[in-house]
Amino acid sequence: MAADESTAMAVVTAAEIARLAGVTRAAVSNWRRRYPDFPRPAAGTSTSPLFPLAEVQQWLERQGKGQETSGEVELWRELRAQHGDDMLTALGSVATQLLDDPASHRFPPLTGSAAAVVTALAVERGTQALYSDLIERCIVSTARSGGEPMSTPTLARIVAALAGPVDSADAIVYDPACGAGTLLLGIGPAAHYYGQDQNSTTAAITELRSRLDGASVTVACGDSLRDDRFSGLHADLVVCEPPVGVADWGREGLLLDPRWELGVPPRSESELAWVQHCYAHTAPGGRTLVVLPASVAYRRAGRRIRAELVRRGLLSSVVALPPGLISNHSLPVHLWELRRPVEGDIDPTHIRMIDLSTATPDAAAGAPVPEQITDVPLIDILDDEVDLSPGSYVVAHRADYPAEYAALRDEVRRLARDLLELLPELPAGPGRVEAAPIGLGDLVRGGLVDLDSSTATSRTEQLDSDYLRGFLRSTANTRRSTTATGTFRLDARSAQLPQMDIERQREYGGAFRRLTAFEERLREVAALGGQASALAFDGLTNGALRPKAGSESALEGVASDGREK
């Protein structure tokens, strides 16, 4: 098949479009709303659409939305030039300019072209949309570079959806580890918001964001466990994504703290200290939503506190969320919902378990279907383990195993065909790339390459961005860019690239681009294949499915462990 034919058949996700254009996913969503001629989805689902690659590339070219012309990318480069790696301060400076109140805060004013680009983009996009996109870009950037972890916009949307509207006209919402305010301000309208964060810069950004959003927020700086700045506050809704795995959270100095209604948290269970802190600030009838690592649901050290939560009927629900929602790791997380009872409440008898762990992040923000929900009697949880993992209780009830399995199998077949077409044919080479090397650092210092965390982008027509990124993934460059602790960092001082003319670069860039698309599709196949195999095992063992006659003969050459005989 010709290369142009395979490109025409290829599809891309919204995340891939964002990478093509050098913008955030939020910007792509904005384009879909604003531009009637934006390409329609060709496949996928309503929550995870797939767009025809050729049409997307043509649209980006018509609109001038490529990486070289994106105003947001240009702004990001200018901010990096002025602030280096301190992009939180840069965001503070942007907010100060958008508020047109330079004397209101400690952030330095923007200078030069960055100030002009902010003004132009604010007119084009609106201040709130522009700032939200910059915050999202900062979250992605700091996650790649191992910087300050912050709540992601996708997680904020899910928490807001599960929280539902804040009913009271004078409602108070509180986040004791608010970061840059994404989770706190993502909740629907409330009379007043309170936030506290240990990082003074992110706390200040939360206050500035609230002013851009027109919200009333009181923000304090400090460690909420050691230095609770709102000790008398009782909120209608408390939301929190606390720090995880903190060994020294101040336990020795807080042994008699009145917040430990369920017992003093063990030294290794800092997350359960945050749960109790949040609950202590919950008003009667109010709720707490805390994002926690999945392991908090079953770790032995926290069993006694979990048992008290269950026994007293304070835990309303536990939601297992899909992986990829946290900025600094890709592990799945849980969302615990607690409710402080009011006098006269009937004692609860069940905890609602919701398993969204296999959903896409976008789908997780929607209403769960009945098959993902089960109400578990408290007595069934109060055993030696007190396991609060939804996956231990939710059993999918499928009305039509054969139809669902057939649909999954057809989808796997379709994606597998796409995989073969995306994987480029690569003839044998001479065994080495015959080109003199050049240091990436020299290209960056010469203003030819923009280095953003783990991504390199060409700033000249003489360098192809995909060629740059592909060679940066070479074994030699990966070894140079890996620290002694095993953490990957893109090291501009040591990465080496072969010098080629632009036409040869584009040949390599095209191959690298198809390989990247292949990897994305491979992840989709793996996720879908996992669902198909789990459904098949379940259906075969419960009688809903049966083996096809003669299917054994197709595997005569394969041993039981999957290897060829």
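A polar contact is a pair of N or O atoms within 3.5 Å; within protein, one atom must be able to donate a hydrogen and the other to accept it, and residues adjacent in sequence count only if both atoms are side-chain atoms.

**Entry 1. The model**

I noted that this is a predicted model, in which local features need pLDDT of at least 70 and side-chain atom pairs count only at pLDDT 80 or more, while totals for chains, interfaces and linings use all residues. Residues are numbered from 1 along each chain as its sequence is written, and side-chain values use heavy atoms, with hydrogens and water left out.

I looked up the secondary structure and found 19 helices and 16 strands in the protein chain. Both are DSSP runs numbered from the N terminus: helices are H or I with at least four residues, and strands are E with at least two. Of the 565 residues of the protein chain, 46% count as buried. Buried means under 20% relative accessible area, exposed over 50%, and partly exposed in between, with a 1.4 Å probe and protein chains only. I also looked up contacts (heavy atoms within 4.5 Å). Among those in the protein chain with a separation of 6 or more, 68% come from residues 24 or more positions apart.

**Entry 2. Thr 96**

I placed Thr 96 in helix 6 (residues 87–98). Its relative accessible area is 5%, so Thr 96 is buried. Thr 96 and Leu 212 lie 116 residues apart in sequence, and their C-alpha atoms are 9.6 Å apart in space.

**Entry 3. The open sheet**

In what order do the 9 strands of the open sheet stand? I read the order as 6-5-4-7-8-10-9-11-12, with mixed pairing. Two strands pair if DSSP finds at least two bridges between them. Strand 6 (217–221) and strand 12 (373–377) are at the edges with a single partner strand each, so one side of each has no neighbour in the sheet. From one strand to the next, the twist averages 15°. For angles, axes are lines fitted to C-alpha atoms, for helices over the stretch in contact, and values run from 0 to 180 degrees between N-to-C directions.

I then followed single pairs of strands. Strand 7 (residues 235–240) and strand 8 (residues 282–293) are parallel and share 5 bridges; Val 239 stands opposite Leu 289 in strand 8. Helix 9 (residues 153–163) packs on the sheet and touches strand 7, strand 8, strand 9 (315–320) and strand 10 (333–339). The direction of helix 9 makes about 145° with that of strand 8.

Strand 9 is mostly covered, with 5 of its 6 residues buried. Strand 9 pairs with strand 10 in the antiparallel sense over 5 bridges, and Val 319 has Leu 335 in strand 10 as its bridge partner. Strand 9 also runs parallel to strand 11 (residues 350–355), joined to it by 4 bridges. Here Ser 317 stands opposite Arg 352 in strand 11.

**Entry 4. Asp 355**

Is Asp 355 buried or exposed? Asp 355, in strand 11, has 18% relative accessibility and therefore counts as buried. Its side chain and that of Ser 357 are joined by a polar contact of 2.6 Å. Leaving aside neighbours within four places in sequence, I found Asp 355 in contact with Ala 320, Gln 372, Pro 390, Gly 391 and Val 394.

**Entry 5. Aromatic rings**

I searched the whole structure and recorded 11 aromatic pairs. Rings of Phe, Tyr and Trp (its six-membered ring) pair if their centres lie within 6.5 Å; planes under 30 degrees apart count as stacked, over 60 as edge-to-face and the rest as tilted. The ring centres of Trp 31 and Trp 59 are 5.5 Å apart and the planes stand at 50°, so this pair is tilted. Trp 31 lies in helix 3 (residues 25–34) and Trp 59 in helix 4 (residues 53–63), so the pair ties together parts 28 residues apart in sequence.

Phe 38 and Trp 59 form an edge-to-face pair, 4.8 Å from centre to centre with 70° between the planes. Both Phe 38 and Trp 59 are buried. Ring pairs link Trp 31, Tyr 35, Phe 38, Phe 51 and Trp 59 into a cluster.
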